Amino acid sequence: LELEWVHGYAGLRNTANNLECLADGTAVYYTAGVGVVYDVAAHAQRFFVGHDDDVTCLAVSHDGTMLATGCQNGAAVLWDFDTRGVVKVLQDTDTAEPPSSVVAIGWSLNGRRVVTAEEKGRIRLWNVESGACIYTTVLESIALTVQISPCDPNVILACPNAGVPILIDVATGEMRSITGSHTAEAPAASTTARKRCSRRREGASECSSSYSLYHGCCFWGRA
């Protein structure tokens, strides 16, 4: 059997980074255990298959040559974007902890490092070439966004679902909360789904609803 078309999109209740729009107009997303590249102009799909579990997040490298997908079994799979072949599987098999779903993933500017955030609050920084985990820490809350600073690959930005954004210096282990950030409030008790944008500022926004909180931010460069 050959896969011809994938219907559906895992975005209804998914707060992870699940969609990338590329410069050539194609869209990269996933559903179940398949990564999809959709060429809008040609109305054609290409696929990243071979995951051992459902895909839970994705990120395209800054140069557009690699795709990283996080999986429910705790693995991060690195793909060659052109050949759609697996380059590396990042997973810590030495720990006694049970696997935890990867909920967010990001690349360094030079493509040599990948950062992952897991459902149980663990943050990991990976060396792409060796596949080794070079830093790990555990936050008090799940981080729905993680990024590596484009200016310093030793600095990670993590956005916990309950709390304020945190800058993590991998070299020193120092964690610094971003001052002036809005502290997440408890979800409203009402059963009515109502979303609001609670606060906006340069480079960051935060939205909440009566069902859950979505907390995200990013590195913002100035010319």
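User: How many disulfides does a search of the whole structure find?

Analyst: In this predicted model, a search of the whole structure finds 0 disulfides. C57, for instance, is in no disulfide, since the nearest cysteine sulfur, that of C71, is 8.0 Å away, and a disulfide requires a pair of cysteine sulfur atoms within 2.5 Å.

User: Why is C57 called buried, and why is C21 called exposed?

Analyst: Buried means under 20% relative accessible area and exposed means over 50%. C57 has 0% relative accessibility, so C57 counts as buried. C21 has 63% relative accessibility, and therefore C21 counts as exposed.

User: What makes the contact between D92 and R124 a salt bridge?

Analyst: The closest N and O atoms of D92 and R124 are 3.0 Å apart, and the cut-off for a salt bridge is a side-chain nitrogen of Lys or Arg within 4 Å of a carboxyl oxygen of Asp or Glu, so the pair qualifies. The pair links distant parts of the chain, with D92 in the loop between β8 (86-90) and β9, and R124 in strand β11, 32 residues apart.

User: What makes β9 and β12 the edge strands of their sheet?

Analyst: The open sheet has 4 strands in the order β9-β10-β11-β12, with antiparallel pairing. The strands β9 (102-107) and β12 (133-138) each pair on one side only, and they are the edge strands. The twist averages 15° from one strand to the next.

User: How do you know that β11 and β12 pair?

Analyst: Strand β11 (residues 122-127) is joined to β12 by 5 bridges, and the two run antiparallel; since pairing needs at least two bridges, the strands count as paired. One of the bridge partners can be named, because I123 has T137 as its partner in β12.

User: Which strands form the other open sheet, in the order that begins with β1?

Analyst: That open sheet is formed by 4 strands in the order β1-β2-β3-β4, and the pairing is antiparallel. Its edge strands are β1 (19-21) and β4 (44-48), each of which pairs on one side only, and the twist averages 25° from one strand to the next. Within this sheet, strand β2 (residues 27-31) and strand β3 (residues 34-39) pair in the antiparallel sense over 5 bridges, and the bridge partner of A27 in β3 is Y38.

User: Why is strand β13 called largely enclosed by the rest of the structure?

Analyst: Of the 6 residues of strand β13 (residues 143-148), 5 are buried, so the strand is largely enclosed by the rest of the structure. β13 pairs with strand β14 (residues 155-160) in the antiparallel sense over 5 bridges, and a hairpin joins β13 to β14 through 6 residues. I148 has I156 as its bridge partner in β14.

User: Why is S108 called buried, and which residues is S108 in contact with?

Analyst: S108 is found in the loop between β9 and β10 (113-118). Its relative accessibility is 2%, and because buried means under 20%, S108 counts as buried. Leaving aside neighbours within four places in sequence, S108 is in contact with H62, R113 and I148. S108 and P153 are 45 residues apart in sequence and 6.1 Å apart in space, C-alpha to C-alpha.

User: What does the secondary structure of the protein chain come to, and what percentage of its residues count as buried?

Analyst: The protein chain comes to 0 helices and 19 strands, and 42% of its 223 residues count as buried.

Key:
Residues numbered from 1 in each chain as written. Predicted model: local features only at pLDDT ≥ 70, side-chain atom pairs only at ≥ 80, totals over all residues. Heavy atoms only, no water. Axes fitted to C-alpha atoms, helices over the stretch in contact; angles between N-to-C directions. Buried < 20%, exposed > 50% of the residue type's maximum accessible area, 1.4 Å probe, protein only. Contact = heavy atoms within 4.5 Å.
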